[in-house]
Amino acid sequence: MPYLSGTPRNRLLVPWRGERAALALLGLLPAILYFWYGAHDALGPDPVNVFERWLGLWAVRFLLAGLLVTPLRVLTGLNLIRYRRMLGLLAFCYVCLHVGVYVGLDQQGNIGVLVQDLTRRPFLMIGFAAFMLMVPLAITSTDGAMRRLGRRWGRLHRLVYGVALLVAVHFLMAFKTYNVTSVTYAGLLMAMVVWRCQAAWRRWRRRAA
Amino acid sequence: MADRSYPRPSSGEITPRSAWLSRRALLAGAAAGAATHLVSRAGAQTLSVRPGPFQAAERPTPLQDVTHYNNFYEFGLDKGDPAALSARFAARPWTLSVEGLVARPRVWDIDQLIAAMPLEERLYRMRCVEAWSMVIPWDGFPLASLLAQAEPLGSARYVAFESVVRPAQMPGQRNGLDSLAWPYVEGLRLDEAMHPLTLLAVGLYGEILPNQNGAPVRLVVPWKYGFKGIKSITRIRLVESQPPTTWNQMNAQEYGFFANVNPEVDHPRWSQASERIIGAGGFFGGGRKKTLMFNGYGEQVAGLYGSMDLRRNY
């Protein structure tokens with residue numbers, strides 16, 4: 001079965017070139033659909049808020065999906081690593097849209113408010129920090145960047161665990177009360193970080209022993 | 001008395017013409033000797049009301065949005081939950097007790113109360129702490145009228161309100177994780193409660209209050225954030241010291257006792273300088289406007305707070 005693990009090199013190769021493009025298009029559907037609804041006054045009485053939260057939720061979903069790739073391979077043998085970069089890019093894309101809608105449609109470009117947001121509101125500072133941490137990851141997600149960075153690429157991309165923690169906190173803070181949705185997603189994100197730390201710890205001990 | 005001369009929209013702008021006409025018919029019926037303001041007609045129940053003071057110049061939010069975009073955590077966290085999940089809620093029979101530091105405590109039957117009070121229509125701006133706003137034509141009577149009947153004692157300084165607890169009919173009261181502490185409680189200083197703007201609403205848009213908007217009776221304090229407007233009230237108690245309030249207990253940093261609308265005092269997680277207009281129509285409806293001090297009712301209520309530090313007493 002081609003989806004099971006192979007050598008590092010061919011693991012990243014995609015048999016059908018259109019596959020990743022198809023995934024990207026599919027992944028953008030929730031945003032396209034809701035944009036269409038919102039532009040046609042079909043997102044209810046508070047459309048900007050609904051769209052903003054929708055984009056944030058999908059960013060969380062794609063981030064989580066990307067983080068699940070490795071545990072899924074270890075636990076079930078199913079190897080989806082060839083889609084991981086696209087999942088990460090989709091998450092970044094949704095974060096950009098989420099921030100863009102907040103700045104453009106919600107605050108309507110009010111610079112004063114945005115400056116306050118980033119200087120006194122931890123909720124938004126945490127969210128923005130996650131966004132900033134994702135920028136170098138998105139920039140270095142091309143095949144060329146992977147080749148150039150070599151071993152450093154993997155180290156750089158461990159930043160995603162910092163992103164996951166920040167996103168989990170931002171997501172919990174986005175609701176007025178703790179609730180099933182926020183606790184589930186934040187819990188899963190944190191579980192991915194814990195899982196990764198544990199794996200690293202075990203490797204380190206084996207090497208030390 | 002402060003100035004009451006807001007620009008008033010014509011009745012035709014506020015209420016659908018059909019409802020307005022049927023109200024006229026009801027008034028005629030009332031003149032013929034009907035003793036109640038509450039008339040049951042095929043399906044909907046229409047209230048007989050007269051236009052009250054304190055109108056707003058803004059266009060009222062469409063009825064569909066007023067009744068389908070609600071924060072009423074007793075029915076669920078989503079804005080659509082109250083409309084979707086409140087059909088089984090029984091707002092009749094209902095009693096409302098007025099008790100505590102009063103000379104004449106009384107337990108009112110809701111329909112007797114509605115019949116006893118002259119109902120007014122008041123078009124109020126409603127500003128939610130979440131930075132959105134509506135304009136709602138409420139039907140009700142000043143809380144002061146009810147309190148006056150109870151004759152508050154000299155020792156009464158605050159008014160404590162309590163909402164209903166009915167997990168069987170209110171799904172939001174059943175699960176633990178996202179739950180507030182029930183019953184929902186709220187409070188006002190006595191002078192705030194006696195202010196002529198402070199309303200007990202029993203209807204909106206000329207019709208009996210829908211379940212999702214806090215049936216059968218709710219508080220409306222238009223210069224404060226919406227969460228002060230406790231819904232489905234069962235108990236009003238006059239007390240000596242400041243009563244606990246639900247959101248303040250949940251998160252004191254974010255929700256104060258006073259909760260006066262104030263564009264200069266931000267919520268810790270967002271600016272309160274402006275607000276999204278509900279029902280403005282799609283992404284490009286231009287649905288945002290500047291928030292006004294005391295939600296635009298400063299002329300009437302600023303005097304209540306004198307030199308109080310509104311930054312500390314948020």
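Hi everyone, let's start where the two chains meet. About 2400 Å² of area is buried between chain B and chain A, and carbon and sulfur atoms give 60% of that area. I open with that number because the size of an interface is often given as the accessible area lost when the parts come together. Please keep in mind that this is a predicted model.

How many residues does each chain bring to the contact? Chain B puts in 29 residues, and chain A puts in 32 residues. Across the interface of chain B and chain A there are five salt bridges. One of them can be found on your screen by looking for B:Asp266 and A:Arg120, whose side chains meet with N to O at 3.5 Å. There are also 10 residue pairs in polar contact across the interface of chain B and chain A, with both residues at pLDDT 80 or more. On the side of chain B that touches chain A, the elements giving two or more residues are helix H8 (246-250) and strand E14 (274-277). The residues on that side of chain B divide into 16 nonpolar, six polar and seven charged.

Now a word on confidence in chain B. Its mean pLDDT is 87, with 85% of the residues in chain B at 70 or more. The stretch to treat with care is residues 1-35 of chain B, where the pLDDT is below 50. In the model, that stretch still has 49 contacts beyond near neighbours in sequence.

Let me turn to chain A for a moment. What does its secondary structure come to? Chain A has 10 helices and zero strands. If you read along its sequence, the pattern is α-α-α-α-α-α-α-α-α-α. Chain A has 209 residues, and 40% of them count as buried. Taking the contacts in chain A with a separation of 6 or more, 67% come from residues 24 or more positions apart.

While we are in chain A, have a look at A:Asp117 and A:Arg121. Their side chains form a salt bridge, 2.7 Å from N to O. Are these two residues buried or exposed? Both A:Asp117 and A:Arg121 are buried.

Over all chains, the salt bridges come to 22.

The next one is between B:Lys228 and B:Glu186, whose closest N and O atoms are 2.7 Å apart. Here too the pair links distant parts of the chain, 42 residues apart, with B:Lys228 in the loop between E12 and E13 and B:Glu186 in strand E9. Both B:Lys228 and B:Glu186 are buried. Going back to B:Glu58 and B:Arg125, they belong to one network with B:Arg127, B:Glu275 and B:Lys289, joined by salt bridges that share partners.

Last topic: some backbone details in chain B. Which residues are joined by a cis peptide bond with omega of about -10°? They are B:Arg92 and B:Pro93, and B:Pro93 lies in the loop between helix H4 (81-85) and strand E4 (95-100). Another cis peptide bond joins B:Trp182 and B:Pro183, with omega of about 0°. B:Pro183 is in the loop between strand E8 (158-163) and strand E9 (185-189).

Then come two residues with positive phi. B:Tyr205 is not a glycine, yet its phi is positive, near 55°. You will find B:Tyr205 in the loop between strand E10 (199-204) and strand E11 (207-208). B:Tyr205 has a relative accessible area of 7%, so it counts as buried. B:Ser232 is not a glycine either, and its phi is about 45°. B:Ser232 sits in the loop between strand E12 (218-220) and strand E13 (233-239), and its relative accessible area is 0%, so it is buried.

Key
Residues numbered from 1 in each chain as written. Chains lettered and ligands numbered in written order. Heavy atoms only, no water. pLDDT = per-residue confidence, 0-100. Contact = heavy atoms within 4.5 Å. Buried area = accessible area lost by both parts, 1.4 Å probe. Salt bridge = Lys/Arg side-chain N within 4 Å of Asp/Glu carboxyl O. Polar contact = N/O pair within 3.5 Å; in protein donor to acceptor, adjacent residues only side chain to side chain. Helix = DSSP H or I, 4+ residues; strand = E, 2+ residues; numbered from the N terminus. Nonpolar A, V, L, I, M, F, W, Y, C, P; charged D, E, K, R; others polar. Buried < 20%, exposed > 50% of the residue type's maximum accessible area, 1.4 Å probe, protein only.
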